[in-house]
Amino acid sequence: MYVNIIIALVLLLLTPLLLAKFIALPKNIWLLFIAQPLVMAASPVIVFIGGIVSTQLAQNPKLATLPITLMILGVATTSIPAALIARKYGRKKATLTGFTIALFAAITAMFATIYGHFALFAFASLGFGSSAAFVQQLRFAAIESAPSEKDIPKILSMLMLSGLFAAFLGPEVAVAAKDLIDTPFGFAGSFLVLAGFILLAMVIICFFKNPKPIVSTESGKPRPLLEIIKQPIFIIAILSAAIGYSLMSYLMTATPMSMHSIHGHSLQETKWVIQSHIAAMFLPSLFTTFLIRKFGLKSLLIAGTIIYLLVASVALSGQEVMHYWWALILLGIGWNFLFLTGTTLLPLSYRDSEKHKVQATNDFILFGFQALASLMAGWVLFQAGWHVVVLSSLPFVLILIFVSGYFYHQQDKLLN
């Protein structure tokens, strides 16, 4: 029953040893590679079973996506505190703080499902979101651990690749361990196992060393935040990442409820679609470094935008399992391209002395929009149906078309 989980954990531990022979990266990166998916697994668990559990616990089915929304809201509201803690105490202590919050959330969710308490389950989801704000900061810890600026796309790709393990572990734990603890509502055991993952991640991060601060050669005072965010390079970075993330969350949040609760597809089929989607979010990281080097960020942004148009086309063509599967696969690939583009461009908008406030602002905007998107997903789905959920995403894809077109024509000017 737990064989797949054990195999995945062994592969997660062995992968850095195998890849290190071909890819020379600092020890910090490999530690983040292992620890990140163990905590990230909480998000797929909530996305996969959060709405299903909530339909049993909540009196109003329209509140089924509230735990997912609170999780993402937790990311948004904790983004600034997470960045401030990292600035004051360093990346290591900040990460351990976030992981501790995740551990508390997992235990709280376990008791919420044991006693059938919806409010407690929603509170646990908020805790998962708060911890995820610290997890999101790991990409900046990886950037700061980079030997040189040219290594950043490669490092980000490797870190995103580790999300493959979260994609598998989260839904697998949700199903395999759901009856580990006997409760009327199920899934309490899933959160118990998840707590074990988080404890393992905390042990691994104890070996992480804070990146050495860069000796600044900058002159003058740090610029006001408003001056920084008015730069075209910042606007392109935030729009590509925020719209890409929000639309991904919007469609992904609605999918399990549309498949299982409305159209009657089995839990196993729904799990397969969600697992495939999250795998598709991170698997392209195997070759995105090559794509950036060969074609540039502008082509990656355009490709991500075109893929989002294909998502809408496939999703509107039917509600069979394969329609959902193909739409979610494409959605994951498109998200990868858009998020990697935005994350790679963001450091070009700030100086080293400005990094924490810009990173915090970026994540606050990014996950604030994502929280709103996930909340709207449940409401629109139960009010108007799956097709309206898909159609309502198209105006934002049009914005991406404009942004990618502008960046395509202005890239040389913006990057110099």
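## The second largest pocket

Helix H12 provides the largest share of the lining of the second largest pocket, namely seven residues, in what is a predicted model. This helix spans residues 232-262, and H12, H17 and H19 each supply at least two residues of that lining. The second largest pocket holds about 360 Å³ of space, and among the 16 residues that line it, Ser246, Leu247, Phe369, Ala373 and Phe396 are the closest to its centre. Sorted by class, the lining of the second largest pocket comprises 14 nonpolar and two polar residues, with no charged residues.

## The largest pocket

The largest pocket has a volume of about 950 Å³, and 33 residues line it, of which Ile143, Glu149, Ile152, Pro347 and Leu348 lie nearest its centre. Two or more residues of this lining come from each of helix H7 (138-144), helix H8 (152-161), helix H14 (288-295), helix H17 (355-384) and helix H19 (394-415). The lining of the largest pocket divides into 13 nonpolar, eight polar and twelve charged residues.

## A nonpolar patch on the surface

On the surface, Phe104, Ile107, Phe111, Tyr115, Leu120 and Phe123 form a nonpolar patch, and together these residues have about 620 Å² of accessible area. Helix H5 (91-115) and helix H6 (118-136) are the elements that give two or more residues to the nonpolar patch, with H5 giving the most, four residues.

Leu120, a member of the patch, lies in helix H6. Its relative accessible area is 31%, so Leu120 counts as partly exposed.

Key:
Residues are numbered from 1 along each chain as its sequence is written. This is a predicted model: local features need pLDDT of at least 70, side-chain atom pairs count only at pLDDT 80 or more; totals for chains, interfaces and linings use all residues. Side-chain values use heavy atoms; hydrogens and water are left out. On a 1 Å grid over the protein atoms alone, a cavity is a set of points where a 1.4 Å probe fits but cannot get out, and a pocket is an open set with protein on both sides within 12 Å along at least five of seven lines; lining residues have an atom within 4 Å of a point. Grid points are joined across faces, edges and corners, and a volume is the space filled by probe spheres set on the points. Ala, Val, Leu, Ile, Met, Phe, Trp, Tyr, Cys and Pro count as nonpolar, Asp, Glu, Lys and Arg as charged, and the others, Gly among them, as polar. Patches are made of residues with over 30% relative accessible area and no salt bridge: like charges are joined within 9 Å, nonpolar side chains (Val, Leu, Ile, Met, Phe, Trp, Tyr) within 5 Å. Accessible areas come from the Shrake-Rupley method with a 1.4 Å probe; for residues, only the protein chains shown count as cover. A salt bridge is a side-chain nitrogen of Lys or Arg within 4 Å of a carboxyl oxygen of Asp or Glu. Buried means under 20% relative accessible area, exposed over 50%, partly exposed in between (1.4 Å probe, protein chains only).
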